[in-house]
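Hi,

Here is the structure I promised to pass on. My notes follow below it.

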Amino acid sequence: MKIIRILFISLLIFLIIISIIIYSIRQNYNVEKIISDLKINHNIDIELKEAPNWKFFPNIQLEIKGKLNNKLKDYYSEEINITFSQPYYFKLPFFVIKSPSFFIKNLKLQSLDIFGEYNIINKKIYIKSIETKIG
């Protein structure tokens with residue numbers, strides 16, 4: 001009887017800790033806050049086409065699908081998919097940007113795939129690879 005009580009209390013404490021961790025992750029990685037920061041700091045407007053998709057296993061992942069516009073009309077995309085991912089071990093968070101068509105000024109980029117990392121300490125973005133077709 002005592003073992004069942006200890007097991008139940010341990011399970012309850014574990015569930016409470018997991019709930020607190022998930023809540024704090026959702027507060028720190030708030031999509032609305034990220035989008036408003038992009039609007040204010042970089043004049044980028046992201047219009048979401050559907051609700052952001054969160055995944056917590058095997059790593060923390062956020063997937064955003066929407067429309068991207070620069071207020072200066074330097075670049076835009078009618079359909080863009082941005083995925084942010086953070087492994088549970090100590091590694092830089094990375095991102096993947098995919099778009100079937102992306103316009104920079106009047107240059108059309110088809111099948112755009114960008115892979116990069118974000119250094120949290122230096123607040124710098126490192127683009128590792130870009131693949132696209134021009135025209």
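Start with Ser-111. Ser-111 is partly exposed, because its relative accessibility is 40%; buried means under 20% relative accessible area, exposed over 50%, and partly exposed in between, with a 1.4 Å probe and protein chains only. Ser-111 lies in strand 6. Its phi is positive, about 55°, although Ser-111 is not a glycine.

Some ground rules. This is a predicted model, so local features need pLDDT of at least 70 and side-chain atom pairs count only at pLDDT 80 or more, while totals for chains, interfaces and linings use all residues. Residues are numbered from 1 along each chain as its sequence is written, and side-chain values use heavy atoms, with hydrogens and water left out.

**Confidence**

The chain has a mean pLDDT of 87, and 99% of its residues reach 70 or more. pLDDT is the predictor's confidence in each residue, from 0 to 100. Among the elements, strand 5 has the highest mean (92) and helix 2, residues 31-42, the lowest (78). Helices (H or I, at least four residues) and strands (E, at least two) are DSSP runs, numbered from the N terminus.

**Backbone**

Lys-105 also has a positive phi of about 55° and is not a glycine. Lys-105 sits in the loop between strand 5 and strand 6. Lys-105 counts as exposed, because its relative accessibility is 56%. The peptide bond from Phe-57 to Pro-58 is cis, with omega near 5°. Pro-58 is in the loop between strand 2 and strand 3.

**Aromatic pairs**

There are five aromatic pairs. Rings of Phe, Tyr and Trp (its six-membered ring) pair if their centres lie within 6.5 Å; planes under 30 degrees apart count as stacked, over 60 as edge-to-face and the rest as tilted.

Phe-57 is exposed at 73% relative accessible area. Tyr-88 is partly exposed at 47%.

Tyr-75 and Phe-102 are stacked, because their ring centres are 6.2 Å apart and their planes meet at 20°. Tyr-75 belongs to strand 4 and Phe-102 to strand 5, so the pair ties together parts 27 residues apart in sequence. Tyr-75 is partly exposed at 23%, whereas Phe-102 is buried at 10%.

**Ser-77**

Where is Ser-77? Its place is in strand 4. Ser-77 is buried, at 0% relative accessibility. A polar atom of its side chain lies 2.9 Å from the backbone oxygen of Glu-79. The backbone oxygen of Ser-101 lies 3.1 Å from a polar atom of that side chain. Leaving out residues up to four places away in sequence, Ser-77 touches Lys-67, Leu-68, Ser-99, Ser-101 and Phe-102; contact means heavy atoms within 4.5 Å.

**Largest pocket**

The largest pocket holds about 1500 Å³ of space. A pocket is an open set of points on a 1 Å grid over the protein atoms alone, where a 1.4 Å probe fits, with protein on both sides within 12 Å along at least five of seven lines; lining residues have an atom within 4 Å of a point. The lining has 39 residues, and Ile-34, Leu-38, Phe-84, Tyr-118 and Ile-125 are the closest to the centre. Helix 2 gives the largest share of the lining, seven residues.

Best wishes

Notes. Polar contact = N/O pair within 3.5 Å; in protein donor to acceptor, adjacent residues only side chain to side chain. Points joined across faces, edges and corners; volume = space filled by probe spheres on them.
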